[in-house]
Structures are given as C-alpha cells and as structure tokens.
Amino acid sequence: MTTGRPTGYSAISSYSRVEILHLVQEQPQRTIAEIVAATQLHPNTVREHLQRLIDEGYVVAAAEHRTTRGRPRVLYSAADGIAATSAVQRRKVIAAAERGDLMRRVLPGEDPELAPDALHQVDALVEDLIDAGFDPLVDERELTIDLTPCAQATAQAAHREVLCQVHLELMQSVLAAAGGPLSIDGMRPSCDPNECVVQLMLADAGRTREPAPV
C-alpha cells in the first residue's frame, strides 16, 4: 500500500539529506551552522533539506532554551519515536495501522503470526519503506524484512555504510513511534552487498542472531 507519490519523491532519495539525517541521528539538537560546517552545503540548501525531512517526519525542530538575551537558535534532532517525537510520524503510524486492519478484514487469510500491536508496527514500517522506494517482503514467522534488491546500495555504493546505518535508525524510529514489542536487531550477514535482510526481534526475547556490521 502506498501514498500514491511518484517514484523518487522520498526524502531519503537524496544523499545530501541522508548525510544530514545521519548527523542529527549521531548528535541531536544540531544547529544550521553545525550542519553547514559538517556538510559544506549552502545554508539555504541545508534549510531546504531539513524542511523536507521535517515534512516527512524524520526530523524535529525545537527552539533553544535560553537564559540570556538573544534570539533562540533552532535545534534539529532525528525523530526517534521516544525522546524526539514527530507529529507527522505519529499520524503516519496511526493511519498505517488503520489501513492494515482494514486490509486484514477485507482480505482475510491465515491467522497472523504476530499480536495486534506488533502487526501495527509492521504496518507502519512497511508503508514507510514503500514510501522510501523499497519493496519490502515480510516474514512474520522469521521476523525478517527482505529489502533485496536495494537500489540505493547500488546507486550509492561508496556510502553504503552510512546509508545502512541511517535506514536502520529510521526503521527503529518507526517501530518505536508505533509502539509494541518489535525492534530492530540488525542486518543479516551476506556476501552480496546488494542483499539486504533486516532482522527484527521481540522484546525480552533476546537477540535472535548476531547483527552484521554496517
């Protein structure tokens, strides 16, 4: 199920936005000046990229708390679904759960492997991945999400490590915002750099596999 957006619309289809997102994931409450210094992008370009990421629910902005005179700076953080929450992201996960429930009523099949709260997490995650340009294949029994082939890994091979880390952090933020027992365990190891299978885990179930380094 998609939002009907054209291919390439995704906020993370641009590596410049991925790089900015990586910066605010690593260190929240960054200023425009800090991001400009780290990326060497023009301030106006950084502002445009940040606004796109905010519109998609990936980044949140907050005014700096000041105890002295002066105009408060705007601080940017990655939405993580817990400490930094995005109203856009919350609306998305609620809408995804409603659509998922509707589809399960209209197109009944085998009983789901997962409890309702975990199913709603998967609903939100799948919709977010589709919007980002992926074609996710979910295995509820094995708790895996196969994203192969990853077009972004091919197009941005030189930046694969950053791309993978950013995508895993985004997936975890969606799961956290949706609420439930599922979280990201890591990526399954593979000899093929274009192969991407993400392993999920249930809370209190322990790690199912050692995640591959990214």
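Q: What order do the four strands of the open sheet come in, and is the pairing parallel or antiparallel?
A: In this predicted model, the four strands of the open sheet follow the order 3-4-6-5, and their pairing is antiparallel.

Q: Which ones are the edge strands?
A: The edges are strand 3, residues 137-139, and strand 5, residues 182-187, each of which pairs on one side only. From one strand to the next, the twist averages 25°.

Q: How many bridges are there between strand 5 and strand 6?
A: Strand 5 and strand 6, the latter covering residues 197-202, are joined in the antiparallel sense by five bridges.

Q: What about helix 7, what angle does its direction make with strand 5?
A: For helix 7, residues 160-178, that angle is about 165°, and this helix also packs on the sheet, where it touches strand 4, strand 5 and strand 6.

Q: Switching to the surface, which residues make the nonpolar patch?
A: The patch is made by Leu-102, Met-103, Val-106 and Leu-107, and it has an area of about 380 Å².

Q: Where does Val-106 sit, and is it buried or exposed?
A: Val-106 belongs to helix 4, which spans residues 87-106. Its relative accessibility is 55%, and because the cut-off for exposed is over 50%, Val-106 counts as exposed.

Q: Now the charges: how many salt bridges does the structure hold?
A: It holds seven salt bridges. One of them joins the side chains of Arg-99 and Glu-127, with an N to O distance of 2.7 Å.

Q: Which parts does that Arg-99 and Glu-127 pair tie together?
A: Arg-99 lies in helix 4 and Glu-127 in helix 5, so the pair ties together parts that stand 28 residues apart in sequence.

Q: Is each of those two buried, exposed or partly exposed?
A: Arg-99 is partly exposed, with a relative accessible area of 31%, whereas Glu-127 counts as buried at 10% relative accessibility.

Q: What does Arg-104 meet in a salt bridge?
A: The side chain of Arg-104 meets that of Asp-123, at 2.7 Å from N to O. This pair links distant parts of the chain, with Arg-104 in helix 4 and Asp-123 in helix 5, 19 residues apart. Arg-104 is partly exposed at 28% relative accessibility, while Asp-123 is buried, with a relative accessible area of 12%.

Q: Which residues are linked with them in a network?
A: Asp-101 is linked with Arg-104 and Asp-123 in a network of salt bridges.

Q: And where in the chain are Glu-113 and Arg-141?
A: Glu-113 forms a salt bridge with Arg-141, their closest N and O atoms being 2.7 Å apart. Glu-113 is in the loop between helix 4 and helix 5, and Arg-141 is in the loop between strand 3 and strand 4, 28 residues apart, which makes this a link between distant parts of the chain.

Q: How exposed are those two?
A: Glu-113 counts as partly exposed at 43% relative accessibility, and Arg-141 is exposed, with a relative accessible area of 61%.

Technical notes:
Residues are numbered from 1 along each chain as its sequence is written. This is a predicted model: local features need pLDDT of at least 70, side-chain atom pairs count only at pLDDT 80 or more; totals for chains, interfaces and linings use all residues. Side-chain values use heavy atoms; hydrogens and water are left out. Two strands pair if DSSP finds at least two bridges between them. Helices (H or I, at least four residues) and strands (E, at least two) are DSSP runs, numbered from the N terminus. Axes are lines fitted to C-alpha atoms, for helices over the stretch in contact, and angles run from 0 to 180 degrees between N-to-C directions. Contact means heavy atoms within 4.5 Å. Patches are made of residues with over 30% relative accessible area and no salt bridge: like charges are joined within 9 Å, nonpolar side chains (Val, Leu, Ile, Met, Phe, Trp, Tyr) within 5 Å. Accessible areas come from the Shrake-Rupley method with a 1.4 Å probe; for residues, only the protein chains shown count as cover. A salt bridge is a side-chain nitrogen of Lys or Arg within 4 Å of a carboxyl oxygen of Asp or Glu. Buried means under 20% relative accessible area, exposed over 50%, partly exposed in between (1.4 Å probe, protein chains only).
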